[in-house]
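Student: Let us go through the labels used for this structure and ask what each one rests on.

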Amino acid sequence: MVLLQLDPFLNELTSMFERSNEKASLKSKVQRNKMATAGEAIEYRCLIRATDGKKTISTSVGAKDHQRFQASYATILKAHMTALKKRERKDKKKAAEGDKKEGAAKKPKRV
């Protein structure tokens, strides 16, 4: 397993997505890791790992870098979610007309 800095990790993650395209899936694990020093405050870090089955990479993210890493990570994930189906949306006019027709059919006729 290779421990990388944030930017090289994101670059390698992108290339792993491109290599695995539709052949395989990537798995990632997130673990919390405390980096304690003698007498100083504990800095909480998050260990992030990704694998494509052949190669495993990891990085450690601190609290101050979390927002930037999360934004970059989300961008990479959104760019490589090509296997997801798009949501089918009804046309608003057609849906409104369908509701009106159903409402009229349910009302009883007066004699």
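Student: What makes strand E3 and strand E4 a pair?
Tutor: Strands pair if DSSP finds at least two bridges between them. Seven bridges join E3 (residues 43-51) to E4 (residues 56-62), so the two qualify as paired, and they run antiparallel. Arg49 stands opposite Ser58 in E4. Four residues lie between the strands of this hairpin, where Gly53 has a positive phi near 100 degrees. The strands are DSSP runs (E, at least two residues) and helices likewise (H or I, at least four), numbered from the N terminus.

Student: What do these values come from?
Tutor: This is a predicted model, with residues numbered from 1 along each chain as its sequence is written. Local features need pLDDT of at least 70, side-chain atom pairs count only at pLDDT 80 or more, totals for chains, interfaces and linings use all residues, and side-chain values use heavy atoms, with hydrogens and water left out.

Student: Why is the pair of Phe9 and Phe69 called tilted?
Tutor: Rings of Phe, Tyr and Trp (its six-membered ring) pair if their centres lie within 6.5 Å; planes under 30 degrees apart count as stacked, over 60 as edge-to-face and the rest as tilted. Phe9 and Phe69 are 6.1 Å apart centre to centre with 40 degrees between the planes, so they are a tilted pair. Phe9 lies in helix H1 (residues 6-20) and Phe69 in helix H2 (residues 66-79), so the pair ties together parts 60 residues apart in sequence.

Student: What makes Phe69 and Tyr73 stacked?
Tutor: Their centres are 5.7 Å apart and their planes 10 degrees, so they count as stacked. Both are buried (under 20% relative accessible area, against over 50% for exposed and partly exposed in between; 1.4 Å probe, protein chains only).
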